[in-house]
Amino acid sequence: MAAWLEFDRHAILAGQVWRLWTGHLVHYSAQHAVIDLATALVAALIATQSFGARRILCALALGAPFISIGLLLTAPDCAHYRGASGLAVLLAVMAGAGLWQQARGSHVAMVRAVLVLLAVALAIKIAAEAHGFPLGASDLPLDVMVAWQAHLLGAVAGMAAVALLRACGRCVRRTM
């Protein structure tokens, strides 16, 4: 079943476009799925408080093919991909942006400093993965490499979603 859903470069280019979405739903192991889904769930719960469930679902629906098409364009050696980590990064970026915006009172500087540190940690993690040093606890099979491009594309998709939602929010306020 997973083989019919995973990101498969040749199958996508042959017309199996559903894989642009479904590749993010299948994983290489139970531990891989638990780590990705737990991260995505926590980030989604936080991001939903700022952006609402409907907008988060739209971001995921558009973010999944964005990440997959990005893999097609930027990772020619990536023939197969499984996992929700790119979407988890998308949600984490949206959660961070929401927390940044909601920070109030005497703790604003501390909250924003923590968010900056987390953003730097994410950038270091992606850079380390890009140089062949995967960080984190995973039991990926030995022949499976971390697709760091999916994490970077997820961050870009999250930033784009936040910018788009903020621009739409300004448009709505101006028309009222």
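Student: At roughly what angle do the axes of H4 and helix H6 (residues 85–102) cross?
Tutor: This is a predicted model: local features need pLDDT of at least 70, side-chain atom pairs count only at pLDDT 80 or more, and totals for chains, interfaces and linings use all residues. Residues are numbered from 1 along each chain as its sequence is written, and side-chain values use heavy atoms, with hydrogens and water left out. Axes are lines fitted to C-alpha atoms, for helices over the stretch in contact, with angles from 0 to 180 degrees between N-to-C directions. The two axes come within 8 Å, and they cross at roughly 35 degrees.

Student: Is the crossing of H4 and H6 left-handed or right-handed?
Tutor: A crossing is left-handed if the near helix is turned anticlockwise from the far one by less than a right angle, and right-handed if clockwise. The crossing of H4 and H6 is left-handed.

Student: How many nonpolar residues are in the contact of H4 with H6?
Tutor: Contact means heavy atoms within 4.5 Å. Among the residues making it are Ala-40, Ala-43 and Ala-47 of H4, and Ala-88, Leu-91 and Ala-95 of H6. Ala, Val, Leu, Ile, Met, Phe, Trp, Tyr, Cys and Pro count as nonpolar, Asp, Glu, Lys and Arg as charged, and the others, Gly among them, as polar. Besides six polar residues and one charged residue, the nonpolar count is 13.

Student: How far does helix H4 (residues 30–51) reach from its first C-alpha to its last?
Tutor: Helices (H or I, at least four residues) and strands (E, at least two) are DSSP runs, numbered from the N terminus. The expected span is 1.5 Å times one less than the number of residues. H4 has 22 residues, with 32 Å expected; its reach is close to that, at 30 Å.

Student: Which residue follows H4?
Tutor: Look for a positive phi, near 90 degrees. The residue is Gly-52.

Student: Is the aromatic pair of Phe-7 and Tyr-81 stacked or edge-to-face?
Tutor: Rings of Phe, Tyr and Trp (its six-membered ring) pair if their centres lie within 6.5 Å; planes under 30 degrees apart count as stacked, over 60 as edge-to-face and the rest as tilted. The structure holds one such pair. The centres of Phe-7 and Tyr-81 are 6.5 Å apart and the planes are at 85 degrees, so the pair is edge-to-face.

Student: How many residues apart are Phe-7 and Tyr-81?
Tutor: Phe-7 is in strand E1 (residues 7–8), and Tyr-81 is in strand E2 (residues 80–81). The pair links distant parts of the chain, and the separation in residues is 74.

Student: What is the relative accessibility of His-151?
Tutor: His-151 lies in helix H8 (residues 148–175). Buried means under 20% relative accessible area, exposed over 50%, partly exposed in between (1.4 Å probe, protein chains only). His-151 counts as buried because its relative accessibility is 8%.
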